[in-house]
Each structure stands twice: as C-alpha cells, then as structure tokens.
Amino acid sequence: MAGRFAPRPTRTTVRGGHVVVPGGVPRQAPVAGRSRTWTPAGPLDLGLVLGPLRRGPGDPTFRATADGSVWRASLTPAGPGTLRVVLRGGVVQGEAWGPGAEWLLDRLPELLGAADDPDAFEPRHRLVALVRHRRPGLRLTRTGLVLESLIPSVLEQKVTTDEAYRAWQLLVRKFGEPAPGPAPERMYVMPAPRTWALIPSWEWHRAGVDNKRASTVLRAVRVAARLEEAVSFDPVRAQARLEVVSGVGPWTSAEVVQRSHGAADAVTVGDLHLPGIVGYALADDRDADDSVMLSLLEPYAGQRHRAARLILLSGRTPPRRVPKMPRGDIGRL
C-alpha cells in the first residue's frame with residue numbers, strides 16, 4: 001500500500017502489522033484526456049445501458065450529469081481510469097483519463113452494448129413486446145471487469161438496497177482513491193484487491209457489513225486474478241468459476257455476469273422480489289417462486305435476462321402488501 005494513501009497520525013494494527021488509514025488523497029489537477037468516437041448500429045439509450053452499473057444515487061464510481069454525460073471511475077487491468085460518455089446526434093463521444101484510459105476507450109463499444117444482439121430477442125407476451133417497442137435503446141452492457149461487479153453484489157446479499165448502497169459508498173470513499181482527471185467531485189475508484197484485504201474488521205462493521213459478507217469479499221479478493229480470468233469464459237462457465245468462492249451463489253454470480261459479460265440469459269434466481277414481479281406481469285401470479293418464474297421465462301431461453309429487464313421496465317409490479325423492510329445498521333451497535 002506504500003504511496004497509495006497520504007499518511008495520518010493515527011494508525012491501526014492489522015494482522016500484526018501497521019497499516020496507514022487513508023485520509024484522502026488530493027485530487028489530481030485536470031489533465032488532457034484521450035478520446036474516441038463511436039457510432040452505434042441502432043438506437044442507444046445511455047441511461048438504460050449503463051444504469052445497472054450504478055449502485056444507488058450516491059455511488060462514488062458513477063455519476064450522471066445535467067449535460068447528459070455519464071461518468072464512470074473504474075479500476076482496470078492497466079490501473080485506475082475515469083471515463084466520460086455522452087451521446088450527441090447518434091454518435092457516442094468518449095473521453096478518458098488516468099493509466100486505465102486506453103483500456104476503457106478500447107472497450108467503449110462493448111460497454112455500450114456493441115457485443116449484444118437485441119435482434120435475437122423475440123417477444124412472446126404483449127407486455128414485453130410493448131416495452132421493447134417503447135425502449136428501443138436497451139442494450140446489455142459488457143464491462144469486462146469481474147471484481148467491480150462482484151464486491152457490490154456481495155454487499156447486496158440479504159439486506160435492503162439502501163444498506164448495501166451505503167456500505168459501498170462508505171468503503172469506496174474511505175479506502176479508494178480519487179478518480180483521475182477532471183471527474184465530478186467525490187468520485188472515487190474502488191480499492192485494489194490488496195486494499196480490500198487490509199480493511200480492518202471494525203471498518204466493515206462501521207459500514208454496516210456483517211462478518212459473513214465481509215468474509216466473502218475477503219475470500220474473493222485473495223483470488224482476484226483467477227476471478228478476472230473468467231471474463232474470457234462463456235457466462236455459464238464464468239458463473240461456475242465465481243461460485244467456487246464460498247459465499248458466492250447463483251444469485252450473486254448471475255448479477256455479476258449480467259454486467260461483466262453482458263449475459264443475455266443469466267437469470268437472477270434466489271431474489272426476494274423478481275419472481276413475484278415476473279409472475280405478476282406475465283401470469284397475474286404475485287406469489288410466484290423461482291420455479292414458476294423460470295417456467296414463465298422458458299419461451300425466452302437464451303434471452304431470459306433481457307426479458308426480465310423489459311418486464312422490470314414495464315413498471316407492472318404487484319401492489320405492496322406489507323410495510324417496506326426496515327433498514328438496519330449494525331454499525332450503530
């Protein structure tokens with residue numbers, strides 16, 4: 001970690017050694033970035049394509065600004081990088097800064113769905129066909145990065161989204177580094193695997209992350225290189241590689257490959273709400289479980305994730321029958 005963080009007077013002892021607790025690194029002065037343009041083959045909606053990468057309104061790695069730009073801060077194999085994407089007149093303009101700038105720009109088309117084939121999808125329900133007609137710009141993103149989707153997905157296991165978003169926000173801002181280039185204020189690149197591994201137990205607790213989820217993250221970052229290799233696998237094989245890590249099951253692995261691979265068929269099973277939403281939208285069955293959901297999505301084999309995305313975009317969800325699950329915060333204990 002030498003040189004990553006500015007030293008502070010206070011130190012914490014972790015596993016017998018001294019680790020400097022990060023106190024914030026001065027943001028770099030604006031520098032000229034690299035840029036490229038790309039023309040998509042069909043309609044493109046930046047919000048729909050990149051929206052799944054945003055972990056709540058306060059996500060420090062993602063920002064949408066009033067001028068229509070989308071900013072992302074990523075830890076690439078080449079190092080940290082910041083990417084700004086904007087769509088003007090049907091042409092995508094990308095600009096990037098930092099050591100990872102070239103890596104991000106090289107993969108800009110895939111990030112925006114160039115590897116996706118929406119024409120392979122054939123609606124089987126009137127609702128799905130209507131939403132597809134209304135949202136022609138939907139494409140499935142492919143980030144080419146596993147860990148940046150795996151860690152926040154682990155944090156979202158069996159807690160409310162508010163709790164998970166808060167944990168991600170606190171940990172990234174405290175242990176990450178400011179996004180390179182002229183990124184909006186308070187944008188950060190997520191910590192490197194070794195930094196995640198050195199976060200003290202009490203910092204996980206303060207962020208509201210229980211020991212089970214924290215331990216899963218620690219196990220994952222210890223084999224980060226092997227997990228990132230899964231980018232070159234097909235989605236099914238990639239999920240199998242991810243699920244070798246104890247604490248990563250089908251729900252988490254599906255959430256990852258949907259983003260890292262643009263997996264059109266990866267269904268999120270084990271979700272608290274999705275089966276009921278799909279069941280209510282397609283069969284007026286709000287009590288549907290995973291088996292019923294998979295049965296309803298069977299006509300979309302090969303495109304089940306896309307079908308689920310369109311169903312969610314329809315806004316047809318069952319009325320709430322019970323109060324919203326209360327938000328917990330173990331950090332106050």
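## Strands S5 and S6

Let's start with a strand pair: S5 (residues 70–76) and S6 (residues 79–88) run antiparallel and are joined by seven bridges. Thr76 has Gly79 of S6 as its bridge partner. Please keep in mind that this is a predicted model.

## The five-stranded sheet

Both strands belong to an open sheet of five strands, which has the order S3-S7-S6-S5-S4 and antiparallel pairing. At the edges stand S3 (34–38) and S4 (62–64); each has a single partner strand, so one side of each is left without a neighbour in the sheet. From one strand to the next, the twist averages 20°.

## Helices H13 and H14

Now to a helix pair. H13 (residues 274–283) packs against H14 (residues 290–297) at an angle of about 45°, and the axes are 9 Å apart. That angle makes H13 oblique to H14. Their crossing is left-handed.

On the H13 side, the contact is made by Leu274, Pro275, Val278, Gly279, Leu282 and Ala283, while H14 brings Asp290, Met293, Leu296 and Leu297. Sorted by class, this contact of H13 with H14 has eight nonpolar residues, one polar and one charged.

## Ser153 in helix H5

Our last stop is Ser153, found in helix H5 (residues 147–155). Is Ser153 buried or exposed? Its relative accessible area is 0%, and because buried means under 20%, Ser153 is buried.

Which residues is Ser153 in contact with, leaving aside its neighbours within four places in sequence? They are Arg55, Trp251, Thr252, Glu255 and Val256.

Key. Residues are numbered from 1 along each chain as its sequence is written. This is a predicted model: local features need pLDDT of at least 70, side-chain atom pairs count only at pLDDT 80 or more; totals for chains, interfaces and linings use all residues. Side-chain values use heavy atoms; hydrogens and water are left out. Axes are lines fitted to C-alpha atoms, for helices over the stretch in contact, and angles run from 0 to 180 degrees between N-to-C directions. Helices (H or I, at least four residues) and strands (E, at least two) are DSSP runs, numbered from the N terminus. Angles under 35 degrees count as roughly parallel, over 145 as roughly antiparallel, 65 to 115 as roughly perpendicular and the rest as oblique. A crossing is left-handed if the near helix is turned anticlockwise from the far one by less than a right angle, and right-handed if clockwise. Contact means heavy atoms within 4.5 Å. Ala, Val, Leu, Ile, Met, Phe, Trp, Tyr, Cys and Pro count as nonpolar, Asp, Glu, Lys and Arg as charged, and the others, Gly among them, as polar. Buried means under 20% relative accessible area, exposed over 50%, partly exposed in between (1.4 Å probe, protein chains only). Two strands pair if DSSP finds at least two bridges between them.
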